[in-house]
Amino acid sequence: MKSPHGEGDNLVRNSMLYREFLAEREEILRHKWIESEKAGHDIGFEKALLDWVMRHRGGWRASRPRYERSAASAN
């Protein structure tokens with residue numbers, strides 16, 4: 001089935017911004033699973049998101065090639 005948005009969908013899906021969003025979302029979901037296992041119950045997406053942002057986001061971004069280039073060019 002063809003998308004009603006056609007090439008617009010492909011443009012979004014192939015964009016760097018969208019791929020970074022998906023990669024970050026995957027890390028948050030992984031963090032949610034790990035922290036839920038530790039807690040013995042589902043901690044929920046919002047709690048996992050906030051915890052991941054506070055504890056891991058900076059390091060994760062710094063480890064990404066895109067962010068390394070951005071940081072290097074800013075100096």
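**Helices, burial and contacts**

Trainee: In which helix is Leu 49 found?

Mentor: Helices here are DSSP runs of H or I with at least four residues, strands are runs of E with at least two, and the numbering starts at the N terminus. By that rule, Leu 49 is found in helix H3.

Trainee: What should I know about the model before going on?

Mentor: This is a predicted model, in which local features need pLDDT of at least 70 and side-chain atom pairs count only at pLDDT 80 or more, while totals for chains, interfaces and linings use all residues. Residues are numbered from 1 along each chain as its sequence is written, and side-chain values use heavy atoms, with hydrogens and water left out.

Trainee: How many helices and strands does the protein chain have?

Mentor: Read from the N terminus, the elements run α-α-α-α-α. The totals for the protein chain are 5 helices and 0 strands.

Trainee: Is Leu 49 buried or partly exposed?

Mentor: A residue is buried under 20% relative accessible area, exposed over 50% and partly exposed in between, with a 1.4 Å probe and protein chains only. The relative accessible area of Leu 49 is 27%, so Leu 49 is partly exposed.

Trainee: What percentage of the residues in the protein chain is buried?

Mentor: The protein chain has 75 residues. The buried share of them is 17%.

Trainee: What span should the residues of H2 have, and how far apart are its end C-alpha atoms?

Mentor: The expected span of a helix is 1.5 Å times one less than its number of residues. H2 covers residues 16-39. Its 24 residues should therefore span 34 Å, which agrees with end C-alpha atoms that are apart by 34 Å.

Trainee: At what angle do H2 and H3 pack?

Mentor: Axes are lines fitted to C-alpha atoms, for helices over the stretch in contact, and angles run from 0 to 180 degrees between N-to-C directions. H3 covers residues 45-55, and its axis is 9 Å from that of H2. The angle between H2 and H3 is about 110 degrees.

Trainee: What is that arrangement of H2 and H3 called?

Mentor: Angles under 35 degrees count as roughly parallel, over 145 as roughly antiparallel, 65 to 115 as roughly perpendicular and the rest as oblique. H2 and H3 are therefore roughly perpendicular.

Trainee: Which residues does Glu 35 touch, not counting residues up to four places away in sequence?

Mentor: Contact means heavy atoms within 4.5 Å. Glu 35 lies in helix H2, and its 16% relative accessibility counts as buried. With that sequence limit, Glu 35 touches Ile 43, Asp 51 and Arg 55.

Trainee: How far apart are the C-alpha atoms of Leu 49 and Lys 32?

Mentor: Lys 32 in H2 and Leu 49 in H3 are among the residues where these helices meet. Along the chain, the two residues are 17 residues apart. Their C-alpha atoms are separated by 7.6 Å.

Trainee: Leaving aside neighbours within four places in sequence, which residues are in contact with Ser 36?

Mentor: Ser 36 lies in helix H2 and is buried, with a relative accessible area of 11%. With those neighbours left aside, its contacts are His 41, Asp 42 and Ile 43.

Trainee: Which residue follows H2?

Mentor: The residue in that place has a positive phi, near 85 degrees. H2 is followed by Gly 40.

Trainee: How many aromatic pairs are there, and what is the pair of Trp 52 and Trp 60 called?

Mentor: Rings of Phe, Tyr and Trp (its six-membered ring) pair if their centres lie within 6.5 Å; planes under 30 degrees apart count as stacked, over 60 as edge-to-face and the rest as tilted. The count comes to 2 aromatic pairs. Trp 52 and Trp 60 have ring centres 5.6 Å apart and planes at 65 degrees, so the pair is edge-to-face.
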